[in-house]
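Hi,

Here is the model I said I would pass on.

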Number of protein chains: 2
Amino acid sequence: MTDRCNAPIGVFDSGVGGLTVAREIMRNLPEENIVYFGDTARVPYGSKSRDTVLRYSRQIIRFLRTQEVKAIVIACNTASAYALDEVEKELDIPIIGVVKPGARVACEVTKNKKIGVIATEATIHSGIYTNFIKNQDPEIQVIGKACPLFVPLVEEGWLKDSVTFEVAGRYLRELMDQDIDTLILGCTHYPLLRSTLREVVGDKVSLVNPAYETARELKELLKEQNLTNLQDQKEARKYMFYVSDLAEKFRKFADSILPFDVNTTKQISIEEY
Amino acid sequence: MTDRCNAPIGVFDSGVGGLTVAREIMRNLPEENIVYFGDTARVPYGSKSRDTVLRYSRQIIRFLRTQEVKAIVIACNTASAYALDEVEKELDIPIIGVVKPGARVACEVTKNKKIGVIATEATIHSGIYTNFIKNQDPEIQVIGKACPLFVPLVEEGWLKDSVTFEVAGRYLRELMDQDIDTLILGCTHYPLLRSTLREVVGDKVSLVNPAYETARELKELLKEQNLTNLQDQKEARKYMFYVSDLAEKFRKFADSILPFDVNTTKQISIEEY
């Protein structure tokens, strides 16, 4: 059993955004090893169809299995929306996405039963947050809004910026008009805009970060299945990073998000899996 | 010979942007048939590596050959930058990109020999505009600037908008500070921002639209090679549209750009070519 507990957790995303999820796993499960895959050749998934995202997700999972992961985290809202239910049936190891943990907590947090969701077009279009929340409590009203400019604004590094503030104001106006008291940051890049979003929505709206909730849920899941890594913590944890394109650019972004240097990014041909 | 003249022109892009090039070909070569391919499953190319863009371009060219095209236009600045010189050697039909026609005209237009280029990260990073312009005239100074927010702003439809104006002002400030008198719109989406860009740079800077220059150069090229379509113009021209993903979304964008309805968009599996 120790051998399997020792195995890494596979985390994947369409690109760099999922690193915010990896970061929460590193913080909250410091004993775990991680293999991260970012599909930087085919990013973004947010504007692609269900079939395409499902096909890409299956390829990535086949790659992660070659790394003998003990569990998989889909650190991408779009892939969680489009692929999780399908690939879950095909796997004999635990797999979780970022949507359900975030949605579950939002249901607990809301008082007036009005939850806003901001995400990519594909995630909003999939209706996954709405469906999952309505399953938990049919009385909750879910108001979704696609925010396609947020990812490039984050990647420009304009995190606390007048342009970003103006764009956020426009995107969030209709959610605020509908009096939401809870807002799910339904795309992995968005937690990096947290302070600007906080300024726009004010103090009365609770911001839910699915990355954090996913790390917490992963911890519980590993415990339940006796998969927690019990190895002597003095031994160095291993974090491996793989991408499908431009390893150098990925490394730079990773360095700006993670609390340590990423020296081990390797590029692979994901289409071969 | 008539048969070959009758054959369509293949036009390809990473997505919808190349439709601005197709539009100029339709306007300036109304006698020609067109097969357009938009690689909407793998868009954008602007953040991908040379190898990846070259591989994708070869696949698309193989697909276009199955449509028996008589000539190919790479309507994507990134693919023109990364793939044209390579694929040109491999082909027995004429192929042109959007970079050289735009750069050539900019060299003719500039008086103070200071040309600005705005484009995606990959196009700027490739240095292709700079290299080509310097080859024409080593005295010309070329100042490049990547503008990653422009494409999503266009796709949001915020063409004449205060946010777009502010973003354009920031992106163009350093080019204006260096006193450029000519600006190449080095990404196929950018001509749609023409009036906002005109407002930012004022009347003294000439805006060069490579889409228009490419259509003009294509016309010359077909004439030279006796490939102009001489078919009776009363017969309907044929415009075919293919994409690698989400045909419906493409159709919508195409309808907003082109002067007629696009009813014939088909989705194909480009990875099989």
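Some housekeeping before the rest. This is a predicted model, where local features need pLDDT of at least 70 and side-chain atom pairs count only at pLDDT 80 or more, while totals for chains, interfaces and linings use all residues. Residues are numbered from 1 along each chain as its sequence is written, chains are lettered from A and ligands numbered from 1 in the order in which they are written, and side-chain values use heavy atoms, with hydrogens and water left out.

Now the charged pairs. Over all chains there are 32 salt bridges, counted when a side-chain nitrogen of Lys or Arg is within 4 Å of a carboxyl oxygen of Asp or Glu. In one of them, Lys70(B) pairs with Glu32(B), with the closest N and O atoms 2.6 Å apart. Lys70(B) lies in the loop between helix 3 (50–66) and strand 3 (71–74) of chain B and Glu32(B) in the loop between helix 2 (19–28) and strand 2 (34–38), so this pair ties together parts that are 38 residues apart in sequence. Helices (H or I, at least four residues) and strands (E, at least two) are DSSP runs, numbered from the N terminus. Both Lys70(B) and Glu32(B) are buried; for burial I use relative accessible area, with buried under 20%, exposed over 50% and partly exposed in between (1.4 Å probe, protein chains only).

Asp39(B) and Arg42(B) form another salt bridge, at 2.8 Å between the closest N and O atoms. Asp39(B) is buried at 0% relative accessible area, and Arg42(B) is buried at 1%.

Glu86(B) is partly exposed at 34%, whereas Lys89(B) is exposed at 63%. Elsewhere, salt bridges that share partners join Asp161(A), Glu166(B) and Arg170(B) into one network.

On to the inside. Thr20(B), in helix 2 of chain B, is buried with a relative accessible area of 1%. Not counting residues up to four places away in sequence, Thr20(B) touches Thr188(B), Leu192(B), Ala211(B) and Ile257(B).

The largest nonpolar core has 112 residues, and Phe150(A) and Phe150(B) touch the most other members. Such a core is a set of buried Ala, Val, Leu, Ile, Met, Phe, Trp, Tyr and Cys residues joined through side-chain atoms within 4.5 Å. Beyond its neighbours within four places in sequence, Phe150(A) is in contact with Ile118(A), Val167(A), Ala168(A), Tyr171(A), Tyr190(A), Leu193(A) and Leu197(A).

That's what I have so far.

Methods
Contact = heavy atoms within 4.5 Å.
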